[in-house]
Amino acid sequence: MSKIEIKDFSVRRGLFELKPVNLTINEGEIFAILGHTGSGKTVLLEAIGGMFPGDTGQILCDGIEVLKIPASDRKLGFVYQSHVLFPHMKVRENIEYGMKMNHFSKEKRRAVSEKLMKMFSIYHIKDQYPGTISGGESQRTAIARALALEPHILLLDEPFSALDPSTRNNLYEEIRKIHEKFHCTIVFVTHDFAEAERLADRVGILLDGELLAVTKAKELMKKEYCDKVELFLGRK
């Protein structure tokens with residue numbers, strides 16, 4: 001597990017500006033970043049993943065600035081909304097890719113991938129290519145690949161938005177199981193209020209590049225906020 005500390009972090013990317021963010025995500029917590037499209041949710045998630053420096057401030061993982069930790073040592077798993085599976089690799093090969101790059105033995109790669117495929121009920125498609133599997137199977141494969149290196153932090157960028165309701169509900173349960181089994185800190189991006197309430201321990205509301213509120217998920221719709229947040233929540 002890892003604690004994430006964001007201190008006065010800001011960054012400008014093109015015309016978009018993420019205004020200074022101050023936030024602590026506790027180790028072992030499931031934290032949702034909630035906001036409308038274009039609000040900066042993915043920018044903040046990528047910054048937590050150490051993908052670029054900020055213009056001001058810093059992001060720390062267990063007290064160490066994330067950009068000072070070698071990428072291979074960050075213990076971060078990242079799953080984008082589009083899954084980004086390698087189309088020329090079978091499901092098993094996709095899951096084993098990170099382990100192969102980190103020089104795990106073939107026996108170790110096989111043991112870990114088989115365990116994850118069984119956990120996510122995708123063992124039966126292990127020899128299929130991404131173009132032949134469903135959206136839900138693709139998402140499960142992407143999450144399994146991210147978990148193969150046993151990350152301390154799992155970052156999910158709108159992981160359920162393109163899925164049908166039944167598949168989405170099943171994956172909600174999978175995320176809970178992941179949290180219980182791997183004890184990792186999970187940060188996920190969403191624009192869905194119900195999703196944030198259902199999955200997260202706490203929610204941060206990010207609108208137009210500004211973190212305007214942080215609350216317990218179960219209190220999300222019970223508290224009063226500034227006009228901008230009230231409008232986003234459909235209460236004004």
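Arg 92 is found in helix 2 (helices are DSSP runs of H or I with at least four residues, strands are runs of E with at least two, and both are numbered from the N terminus). At 9% relative accessibility, Arg 92 counts as buried (buried means under 20% relative accessible area, exposed over 50%, and partly exposed in between, with a 1.4 Å probe and protein chains only). The model is predicted, so local features need pLDDT of at least 70, side-chain atom pairs count only at pLDDT 80 or more, and totals for chains, interfaces and linings use all residues. Residues are numbered from 1 along each chain as its sequence is written, and side-chain values use heavy atoms, with hydrogens and water left out.

- Leaving aside neighbours within four places in sequence, Arg 92 is in contact with Arg 110, Ser 113, Glu 114, Met 117, Tyr 123 and Lys 126 (contact means heavy atoms within 4.5 Å).
- Two packed helices are described by the angle between their axes and the distance between the axes.
- The axes of helix 2 (residues 91-101) and helix 3 (residues 106-119) cross at roughly 130 degrees and come within 9 Å (axes are lines fitted to C-alpha atoms, for helices over the stretch in contact, and angles run from 0 to 180 degrees between N-to-C directions).
- Helix 2 and helix 3 are therefore oblique to each other (angles under 35 degrees count as roughly parallel, over 145 as roughly antiparallel, 65 to 115 as roughly perpendicular and the rest as oblique).
- Helix 2 and helix 3 have a right-handed crossing (left-handed if the near helix is turned anticlockwise from the far one by less than a right angle, right-handed if clockwise).
- On the helix 2 side, the residues that meet helix 3 are Val 91, Arg 92, Ile 95, Glu 96, Met 99 and Lys 100. Their partners in helix 3 are Arg 109, Arg 110, Val 112, Ser 113, Glu 114, Leu 116 and Met 117.
- The contact of helix 2 with helix 3 has six nonpolar, one polar and six charged residues (Ala, Val, Leu, Ile, Met, Phe, Trp, Tyr, Cys and Pro count as nonpolar, Asp, Glu, Lys and Arg as charged, and the others, Gly among them, as polar).

**Helix 2 with helix 4**

- The axes of helix 2 and helix 4 come within 7 Å and cross at roughly 30 degrees.
- The two helices are therefore roughly parallel to each other, and the crossing of helix 2 and helix 4 is right-handed.
- Val 91, Asn 94 and Ile 95 in helix 2 meet Thr 141, Ala 144 and Arg 145 in helix 4.
- These residues divide into three nonpolar, two polar and one charged.

**Helix 4**

- Helix 4 has 13 residues, and from its first C-alpha to its last it reaches 18 Å, close to the 18 Å expected at 1.5 Å a residue (the expected span is 1.5 Å times one less than the number of residues).
- Helix 4 is mostly covered, with twelve of its 13 residues buried. Among them are Gly 136, Thr 141, Ile 143 and Leu 147.
- The cover over the buried residues of helix 4 includes strand 6 (76-79), helix 2, helix 3, strand 7 (153-157) and helix 5.

**Helix 4 with helix 5**

- The axes of helix 4 (residues 135-147) and helix 5 (residues 165-182) come within 11 Å and cross at roughly 15 degrees.
- That makes helix 4 roughly parallel to helix 5, and the crossing is right-handed.
- Helix 4 contributes Gly 136, Gln 139, Arg 140, Ile 143 and Leu 147 to the contact. Helix 5 contributes Thr 167, Asn 170, Leu 171, Glu 174, Ile 175, Ile 178 and Phe 182.
- By class, the contact of helix 4 with helix 5 has six nonpolar, four polar and two charged residues.

**Helix 5**

- The 18 residues of helix 5 should span 26 Å at 1.5 Å a residue, and its end C-alpha atoms are 25 Å apart, which agrees.
- The buried residues of helix 5 include Thr 167, Leu 171, Ile 175 and His 179.
- These buried residues pack against strand 3 (30-34), helix 3, helix 4, strand 7, strand 8 (185-190) and helix 6 (193-199).

**Leu 156**

- Leu 156 lies in strand 7 and is buried, with a relative accessible area of 1%.
- Leaving aside neighbours within four places in sequence, the contacts of Leu 156 include Leu 45, Val 79, Ile 175 and Ile 186.

**Positive phi values**

- Most residues other than glycine have a negative phi.
- Asp 8, in strand 1 (residues 4-13), has a positive phi near 50 degrees.
- Asp 208 lies in the loop between strand 9 (202-207) and strand 10 (210-216), and its phi is positive, about 50 degrees.
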